[in-house]
Each structure stands twice: as structure tokens, then as C-alpha cells.
Amino acid sequence: MNLAAPASPSAPSERADLVAADMVRWLERAVIGLNLCPFAKGVHAKGQIHYVVSAATDSAALAQHLRRELADLAATSAEVRDTTLLMAPDCLQDFLEFNDFLDVAERVLQELNLDGTLQIASFHPQFQFAGTDADDVTNCTNRAPYPTLHLLREGSIDRAVQAYPEAEAIYERNMEVLEQLGMPGWQALEVGANVSTTTAASPTPKDLA
């Protein structure tokens, strides 16, 4: 497990450690524990996930931090760092704003000429699929303790899909798993944030994608 991060844009170390610990707990109990992503267990066990906590308080600062992390991931061997989780506990707490920021994130990827090499996935504590209620448990498939940008290698995704031929069925299976678990079951996993954020989250976010 790699918790190191560039010094200048990162959050203070003690707070960053707490945020990263929340993310590891979420990964182990929800993502791996419920098998929401069959590909996560291997990279986690090998210590190939890079956890970075950004000190950004606005989208411009986060975009700059994202630029650094994308470049660093591309320049680092996959055996050392296969994927990066960039957490932003102090900005984009409103899911609508976070969703809008994803367009900025894609532009950064293109400006670095890394589209086709890396991908950016996302998680948010208030994630909500279009057409669902805020308390619909299926939204939890894309919820994490903090606003998070997941930086992935295209090559790793391709290899994972080859090893898991029914990858297209993962989404439907995850919906079924969450529905069977129910919101009380999800809450019992205790995978929420234990570190306070600087702004209140929007109570009724919507997925604009």
C-alpha cells in the first residue's frame, strides 16, 4: 500500500493518514468485501494502489493536483503503482459540482495526451443515479467516504476484462448485491468518513451524466 504523495499539494500528514485509512476501510469492507469490483483485490494485496489526499479547496487546485498525479502514474511502473485514488475531502462536496468537474478532469487527461493510456473513474459520498431517490441503496455502488478520482491504466483494465469475461455483468450484479444488503446493511459496514470536511454536502444531488 502506497500512501506517499507529493508534498506541496497534499493535506497535512496526520489528517491525510486518517482520510486514507477511511478509504482503505471502504475498499476492504465494501469494494472487496462485497466483491463490487473483482479486480480490486489483486492490486490491493500487492500494494499497488497509491492513496493521495489533496489539500485542494477549489476545483482549480484539484485540477492541478490531478495533473501531477496523472503524470506521475504514467511515469511509474505498473508493478509499483497500478492505480491511484486521489481524494479531495475539502472541495466539491456538492455532487452536482463534482459531476461538473469530471469534464475538467477529462480535459486535463487530454491535455497531457494520456487519453487512451489512462482513464478517470469517480466516486462521491453523495453519488446519485439519475431517476433514483437519495436513499436508494443502489447509489452506494458509486459512493466513497470522500470525493475521489480513480486513475486507472487502460492496459490494466484490458487485462482484467480478459481475465473476467463477464465484466459487462458486474454492474447488474452490484445492483442486486446492494438491493439484497439494503441501506441498514450498508450502514452497518461503517464505511463512511470519519474526518470532517470544510463544506456541507448537498442533500439532493443528481447524476447529470
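Hi everyone. Let me start with a term: a residue counts as exposed when its relative accessible area is over 50%, and as buried when that area is under 20%. Take Asn113, which at 63% relative accessibility is therefore exposed. Keep those two cut-offs in mind, as they will come back. One more thing before we go on: what you see above is a predicted model.

Let's begin with the overall layout. The chain has 209 residues, and 49% of them count as buried. Its secondary structure comes to six helices and four strands. If you walk along from the N terminus, the order reads α-α-β-α-β-α-β-β-α-α. And how do contacts reach along the sequence? Among those between residues at least 6 apart, 79% join residues at least 24 apart.

Here is one spot inside the fold. His50 belongs to strand S1, residues 49–53. Is His50 buried or exposed? With a relative accessible area of 1%, His50 is buried. Its C-alpha atom is 9.0 Å from that of Leu73, a residue 23 positions away along the chain.

Next, please find helix H5, residues 154–163. Which of its residues are buried? They are Glu154, Ser156 and Ala160. Those three cover an arc of only 160 degrees around the axis, so they sit on the same side of H5. What do they pack against? Their partners are strand S3 (118–123) and strand S4 (148–153). Now turn to the face of H5 that points away from the buried side: there you find the exposed residues Arg159 and Gln162.

On to the aromatic rings. Searching the whole structure gives five aromatic pairs. In one of them, the ring centres of Phe95 and Phe127 are 5.2 Å apart and the planes meet at 70 degrees; an angle over 60 counts as edge-to-face, so this pair is edge-to-face. I like this pair because of where its partners come from: Phe95 is in helix H4 (residues 95–111) and Phe127 is in the loop between S3 and S4, so the pair links distant parts of the chain, 32 residues apart. Both of these phenylalanines are buried.

Phe127 has a relative accessible area of 8%, so Phe127 counts as buried. Phe129, at 15%, is also buried. Put together, Phe95, Phe98, Phe127, Phe129 and Tyr171 make up one aromatic cluster.

Now for the empty space. Rolling a probe the size of a water molecule over the atoms shows where such space is left. In this model, the largest pocket holds about 1,300 Å³ of space. It is lined by 45 residues, and those closest to its centre are Cys37, Phe39, Ala121, His150 and Leu152. Which elements give two or more residues to that lining? They are helix H1 (13–32), helix H2 (40–45), strand S2 (83–87), H4, S3, S4, H5 and helix H6 (170–188). So what kinds of residues are these? The lining divides into 27 nonpolar, 11 polar and seven charged residues.

The second largest pocket has a volume of about 200 Å³. Among the residues that line it are Trp26, Pro125, Cys140, Arg143, Trp186 and Glu190. By class, its lining has eight nonpolar, two polar and two charged residues.

Asn113 is not a glycine, and yet its phi is positive, at about 60 degrees. The other case is Glu190, one of the lining residues of the second largest pocket. Its place is in the segment after H6, and its phi is near 55 degrees, again a positive value in a residue other than glycine. Is Glu190 buried or exposed? Its relative accessibility is 55%, so Glu190 counts as exposed.

Terms used:
Residues numbered from 1 in each chain as written. Predicted model: local features only at pLDDT ≥ 70, side-chain atom pairs only at ≥ 80, totals over all residues. Heavy atoms only, no water. Buried < 20%, exposed > 50% of the residue type's maximum accessible area, 1.4 Å probe, protein only. Arc of directions from axis to C-beta. Contact = heavy atoms within 4.5 Å. Phe/Tyr/Trp six-rings, centres within 6.5 Å; stacked < 30°, edge-to-face > 60°. 1 Å grid on protein atoms, 1.4 Å probe; cavity = no way out; pocket = protein on both sides within 12 Å on 5 of 7 lines; lining within 4 Å. Points joined across faces, edges and corners; volume = space filled by probe spheres on them. Nonpolar A, V, L, I, M, F, W, Y, C, P; charged D, E, K, R; others polar.
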